[in-house]
Amino acid sequence: VICAPVADSDGKVLAVMSAFNKTGSEGLITDFGEEDELIVQSIADSAGVALHKANLLENIKCEQKKNKSLISVMKAVNQSKDNMDALVNNLVAVAYDIIEVDKVTLYLLDDTDQTLMCTVSGLKDLEGNRYSFGKNVAGRVASSGETLTVQDASAIPAIAAEFEEKGYTAKNLLCMPIRDHRNKLVAVIELLNKKNNGAFTFDDENILAAFSEEVASALKRVVLEKAFQNKSDSGGDDHVVG
């Protein structure tokens, strides 16, 4: 057997290449020689360059998707103005676009009773329902404050059953809390079933995290603008002290 490291230009090992059981001209197992070692190492060096370039390309694609999500969120805010319903619908449409999934659900936090209200969902008859912290997938994510990625929902009976009750078969999911700049929870977003039988990746999490930061800012901005507009329409009772 011959083993050779597959490394990038910085010497970081990306993989290991192995060759087993060298056969001679008559099909019999023979010993590897020095020349064989040089050939395997040469192939490993070429593979290291190729893998490094592939990783760079994936990083570029990820950054492009992040930038696309930020631009799309800004467009959604501009199109929605101070209409919260229009905003959340536009934001969910952006989520479908940047990470190709079958269903997206957005839960907004209601501060008055600390529940999550399903505001927009691709699942039937879910919109308008309220969930306490810890009661469903989104509620558990809200309670823990941690992103949840499940690659095989059928392997977790509680999760599989939750969506079966809603008439849906969850294969995999990515659920993330959305926090404002003060780290306060404002919403939870849930993505179901990556398209083309794909699995959720670390890049998906990074892209969704960048998207969620902008979503939190957008939601807060609309709330503040609406509050300011309501105050202006009512005339206000504030006095300016000079």
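Predicted model: local features only at pLDDT ≥ 70, side-chain atom pairs only at ≥ 80, totals over all residues.
Let me begin with T115, which counts as buried at 10% relative accessibility, and which is found in strand β4. The side chain of T115 is joined to that of D113 by a polar contact of 2.7 Å. If we set aside residues up to four places away in sequence, T115 touches L108, L109, D110, R130 and Y131, and two of those names, D110 and R130, will come back in a moment.

That brings me to the charged pairs. How many salt bridges does the structure hold? There are seven of them, and I will go through some of these. In one, the side chains of R130 and D110 meet with a nitrogen-to-oxygen distance of 2.7 Å. Because R130 lies in strand β5, residues 130–132, and D110 in strand β3, residues 101–110, this pair ties together parts that are 20 residues apart in sequence. With a relative accessible area of 19%, D110 is buried, a value that I would read with the cut-off in mind, since buried means under 20%. R130, on the other hand, is partly exposed, at 42% relative accessibility.

R130 also meets the side chain of D113 in a salt bridge, here at 3.9 Å from N to O. D113 sits in the loop between β3 and β4, the latter being residues 115–121, while R130 is in β5, so this pair ties together parts that are 17 residues apart in sequence. D113 is partly exposed, with a relative accessible area of 39%. Taken together, D110, D113 and R130 are linked in a network of salt bridges, and T115, where I started, touches both D110 and R130 and makes its polar contact with D113.

Another salt bridge joins K166 to E162, with the closest N and O atoms 3.3 Å apart. E162 is buried, at a relative accessible area of 10%, and it leads us to helix α4, residues 157–164, whose buried residues are I159, A160, E162 and F163. On which side of α4 do these residues lie? They cover an arc of only 160° around the axis, which puts them on the same side of the helix. As a reminder, an α-helix has 3.6 residues a turn, so residues three or four places apart point the same way. The face turned away from the buried side of α4 carries the exposed residues P157, A158 and E164. As for what covers the buried residues, the list includes α3 (137–144), β6 (148–150), β7 (173–179) and β8 (185–194).

Finally, the nonpolar cores. The largest has 28 residues, and those with the most contacts inside it are I99, L106, I189, L191, L208, F211 and L219. At least two residues of this core come from each of α2 (84–98), β3, β7, β8 and α5 (202–234), and α2 supplies the largest share, eight residues. To take one of its members, I189 touches, among others, A95, V104, L106, L174, M176, L208 and F211, not counting residues up to four places away in sequence. Apart from this core lies another, of 22 residues, among them C118, L123, A138 and F163, and F163 is also one of the buried residues of α4.

Key: Residues numbered from 1 in each chain as written. Heavy atoms only, no water. Salt bridge = Lys/Arg side-chain N within 4 Å of Asp/Glu carboxyl O. Helix = DSSP H or I, 4+ residues; strand = E, 2+ residues; numbered from the N terminus. Buried < 20%, exposed > 50% of the residue type's maximum accessible area, 1.4 Å probe, protein only. Polar contact = N/O pair within 3.5 Å; in protein donor to acceptor, adjacent residues only side chain to side chain. Contact = heavy atoms within 4.5 Å. Arc of directions from axis to C-beta. Core = buried A, V, L, I, M, F, W, Y, C linked by side-chain atoms within 4.5 Å.
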